[in-house]
Amino acid sequence: SYVVALDVGPPEVMYSPDQVASQHPTTGEVMLGGAMTDVSGPDVRHLEAHICNRASGSVVTGANPTISAQDTTASTPSQDVPVAAMQGVTSGTSDYHYGNNVVLHSGHTYAITVKLNGETANLSYRVS
């Protein structure tokens with residue numbers, strides 16, 4: 001029922017809607033639900049799962065997916081990603097996505113699992 005696209009990049013600064021309205025940032029994410037994780041270090045990445053309705057192509061908003069990441073290089077157990085709903089501060093609903101800042105080690109491959117309404121997307125990502 002869904003198309004899930006994974007995007008991983010540098011850590012993002014996250015703002016509340018009130019902060020966006022008062023500070024007018026031009027980069028970063030506006031938090032629309034959930035909470036930002038407090039992670040730091042050289043291996044922090046911003047993990048985004050963009051979810052669209054397969055039939056209509058419309059962006060899925062207001063959902064409650066779960067996301068987990070397993071470091072398959074180190075063969076460690078899967079870790080749940082605290083899921084926040086967000087979009088780029090200047091992007092609008094077309095950039096609505098789910099995820100958070102997480103630790104993903106350079107050179108490692110991860111099995112990323114996104115679950116929504118009983119359906120599962122299994123994705124693989126190698127951190128450069």
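## A tour from Asp71

Select Asp71 and, setting aside neighbours within four places in sequence, find Thr76, His105, His108, Thr109 and Tyr110 in contact with Asp71 (heavy atoms within 4.5 Å). This is a predicted model: local features need pLDDT of at least 70, side-chain atom pairs count only at pLDDT 80 or more, and totals for chains, interfaces and linings use all residues. Residues are numbered from 1 along each chain as its sequence is written, and side-chain values use heavy atoms, with hydrogens and water left out.

Stay on Asp71. Its place is in strand S5 (strands are DSSP runs of E, at least two residues, numbered from the N terminus). Asp71 is buried (under 20% relative accessible area, 1.4 Å probe, protein chains only). Asp71 has no salt bridge (a side-chain nitrogen of Lys or Arg within 4 Å of a carboxyl oxygen of Asp or Glu). The nearest side chain of opposite charge, Arg126, is 8.1 Å away; Lys and Arg count as positive, Asp and Glu as negative, and His and the chain ends are not counted.

Next, select Ile67 and Tyr98. In the largest nonpolar core, of 21 residues, these two touch the most other members (buried Ala, Val, Leu, Ile, Met, Phe, Trp, Tyr and Cys joined through side-chain atoms within 4.5 Å). S9 (109–116) gives the most to this core, with 4 residues.

Now show the sheet. 6 strands form an open sheet, ordered S1-S4-S8-S7-S3-S2, with mixed pairing (strands pair if DSSP finds at least two bridges between them). The edge strands are S1 (2–9) and S2 (14–15).

Finish on S3 (29–33) and S7 (84–88): they run antiparallel, joined by 4 bridges. Gly33 stands opposite Ala85 in S7.

Notes. Buried means under 20% relative accessible area, exposed over 50%, partly exposed in between (1.4 Å probe, protein chains only).
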